[in-house]
Amino acid sequence: MSIIHHDYLERLVDLTDPDLNRIYNLSNDEARQRLLDPNPEAVRSIEGSFTLVAKEGKAVKMARSMDRPLRYFLAKRHEGPALIVADRIDTIYDWLKENGFEDQFHPSYTRMVPAHYVTTVQLVGCPDPDPDYERFFTPQKESLPVDLDIIGERYIRALESECFKWLSVVDPKEPIGVCFSGGIDSGAVFLTLYHCMLKKGMTPSRLKAFTLTMGDGPDLDQSREFLKALDLEMFLEPIQANWDDICIEETLKIVEDYKPLDIEAASMLIALLKGIRKEYPEWKHLADGDGGDENLKDYPIEENPELTIRSVLNNLMLYQEGWGVGKIKHSLTYSGGLSRSITRGYAPMRRFGFEGFSPFCLPNVMEVAENIPYTDLTDYDVPKLYSLKGEIVSRGIQAVTGLKMPVFEKRRFQHGATEQATLRSHVPNKETELRRKYHGFYES
């Protein structure tokens with residue numbers, strides 16, 4: 001009796017744009033070779049921001065930095081499976097539609113590559129095996145001394161280093177904007193960029209602090225007070241927006257997610273970006289403080305019934321990665337934590353033609369944050385944890401730049417541009433309603 005062997009003709013469809021990578025120490029081809037290295041930690045040596053896809057035999061390996069998404073979908077074909085990889089769900093859907101596979105699609109069938117893992121998919125036909133995940137970034141927890149001056153300087157030195165690298169690849173003729181609220185994170189990014197530009201002999205007149213105002217929010221006054229205290233008020237550029245600039249359906253389509261806080265934040269960012277684009281049609285480079293709250297664990301624990309201060313401090317990068325790959329709460333469709341939420345900034349930036357820079361999302365900065373001895377500094381006391389961020393960042397800014405940074409009470413970006421009651425009347429905060437709206441785009 002003869003056995004017939006069916007050789008599958010697998011296919012990889014890579015729809016990512018390698019030109020969007022910002023890798024400082026390697027070419028894209030060299031970075032892809034690191035991805036194929038049997039040791040996943042080889043990917044950790046890639047400096048910068050990236051999405052990478054590489055195929056070796058029937059194995060496809062994928063990896064991404066925190067600051068940009070990477071998604072994939074496995075399509076069934078008679079001749080063998082096809083793996084479609086892109087940074088957006090609608091890009092995957094468009095390819096499937098063009099090639100006659102749209103009946104296989106639903107947004108929840110797509111998968112997100114989790115940040116800080118090499119994800120391997122074997123194209124071996126039916127049944128499809130689960131992907132393999134190998135961590136390539138594992139910072140050591142709580143290894144720094146219990147000294148806020150040392151901690152602050154290390155953290156802002158890492159931020160300074162990433163800002164220097166970024167400035168070295170930005171066209172020196174191009175202006176640079178910062179999405180600015182006068183808060184700790186956007187303030188630290190603005191002051192560090194200002195310091196780096198002076199240190200490199202660049203003219204700081206290229207720099208602007210863009211602050212969104214919807215007319216009734218506190219951020220504009222806070223931003224003005226922040227900069228005035230440092231005699232830098234000339235850099236402030238208010239961007240006036242109104243509710244006609246915001247459409248929830250547009251936000252959902254751009255972000256491709258439905259978490260209420262992320263939809264709120266993205267809606268405000270979209271209004272800011274539309275305003276900047278209206279005033280400056282050719283503006284390209286925008287930095288922001290995204291990731292700063294996650295790094296220094298500065299979220300109100302009491303607002304999430306699933307969290308305790310022990311879970312926040314004892315789980316590696318909980319706010320950045322969620323509960324972790326392989327855990328029951330990990331979403332294959334959306335990853336977790338900031339790894340999921342990063343689309344709230346990345347997608348609007350791409351949609352309106354900006355190149356974003358989120359230095360707090362880069363591993364060299366996150367690593368220092370995880371090295372902080374939170375347990376010894378707080379003894380699991382919640383108010384002590386909340387007070388740490390301002391102390392660490394302000395001390396670090398003074399040590400690195402010589403500037404005494406004002407520190408204001410924490411406030412979410414979306415709650416600074418407008419009053420919370422006003423925001424709530426325009427942006428639904430029910431996840432089920434937002435999810436239904438989003439899925440409805442594909443249910444015609």
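The passage below describes salt bridges and the surroundings of one histidine in a predicted model.

Residues are numbered from 1 along each chain as its sequence is written, and side-chain values use heavy atoms, with hydrogens and water left out. Because the model is predicted, local features need pLDDT of at least 70 and side-chain atom pairs count only at pLDDT 80 or more, while totals for chains, interfaces and linings use all residues.

A salt bridge is taken here as a side-chain nitrogen of Lys or Arg within 4 Å of a carboxyl oxygen of Asp or Glu. By this rule, the count comes to 38 salt bridges. One of them joins arginine 424 to glutamate 264, with the closest N and O atoms 2.8 Å apart. Arginine 424 belongs to helix H17 (residues 420-426) and glutamate 264 to helix H7 (residues 260-279), so this pair ties together parts that are 160 residues apart in sequence. Helices (H or I, at least four residues) and strands (E, at least two) are DSSP runs, numbered from the N terminus. Burial is judged by relative accessible area: buried means under 20%, exposed over 50%, and partly exposed in between (1.4 Å probe, protein chains only). On this scale arginine 424 is partly exposed at 33%, whereas glutamate 264 is buried at 1%.

A further salt bridge links arginine 344 with glutamate 294, where the closest N and O atoms are 3.3 Å apart. Here arginine 344 sits in helix H12 (residues 343-351) and glutamate 294 in helix H8 (residues 292-295), so the pair ties together parts that are 50 residues apart in sequence. Arginine 344 is buried, with a relative accessible area of 13%, and glutamate 294 is buried too, at 4%.

Turning to helix H18 (residues 431-440), arginine 435 and glutamate 431 both lie within this helix, four residues apart, or about one turn. Their salt bridge has its closest N and O atoms 3.5 Å apart. Arginine 435 is partly exposed at 28%, and glutamate 431 is partly exposed at 27%. Elsewhere, a network of salt bridges links Asp185, Asp293, Asp298, Lys389 and Lys410.

Histidine 116 is found in the loop between strand E8 (111-112) and strand E9 (117-122), and is buried, with a relative accessible area of 2%. Its side chain makes a polar contact with the side chain of glutamate 321 at 2.7 Å. Such a contact is a pair of N or O atoms within 3.5 Å; within protein, one must be able to donate a hydrogen and the other to accept it, and residues adjacent in sequence count only if both atoms are side-chain atoms.
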